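Here's a quick tour of a protein model, written for someone who likes to know the cut-offs. Have the viewer open as you read.

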Amino acid sequence: LLQHCSLLQSLDLAKNNLTAESVKRMAPALRLCTALTHLSVRHNKLGPSAVKLLVTEAAKCPNLIHLNLIDSDAGEEGAVRLGELLGDCRLRRVDLAAHNVWL
C-alpha cells in the first residue's frame, strides 16, 4: 500500500497491534513516501530491533519532521539508533514517552 502513496503526508498507525514482522514489511516502503511529514506508531509494542529498523528507514524520508514512538518499546537499542540519526535528518519533533531510556 505505501509504495503507491507518494503524496501521503501523515500516517498514524497507533494502536494497530503492529509487530516486528509488520515493521519489516512496511519500513522499506517508507522511503517511497517522499511527502510524508508525520509518522506515528505510538502504542504498538514493536521492540528494540523493530524500532531501530523503523527509525533507520524513516530517516530516509526527506520531509519527515515528526516521529511519534510513544510506548513502542524502543529500548536502549532503538533510542541509540535514533540518537545516531538525529544529526542526519530533518526531524524537528520526536516523541519517546513511556520508554524509560536516556538519550
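## Ground rules

This is a predicted model, so to speak of local features we need pLDDT of at least 70, and side-chain atom pairs count only at pLDDT 80 or more, while totals for chains, interfaces and linings use all residues. Numbering starts from 1 along each chain as its sequence is written, and side-chain values use heavy atoms, with hydrogens and water left out.

Helices here are DSSP runs of H or I, at least four residues, and strands are runs of E, at least two, numbered from the N terminus.

Take L54: skipping neighbours within four places in sequence, its contacts (heavy atoms within 4.5 Å) are V23, M26, L30, L39, V41, L46 and L69.

L11 sits in strand β1 (residues 10–12). It is buried (under 20% relative accessible area, 1.4 Å probe, protein chains only; exposed is over 50%, partly exposed in between), at 14%. L11 and L36 are 25 residues apart in sequence and 7.6 Å apart in space, C-alpha to C-alpha.

D95 belongs to strand β4 (residues 93–95) and counts as buried because its relative accessibility is 13%. Leaving out residues up to four places away in sequence, D95 touches H66, L67, N68, L69 and I70.
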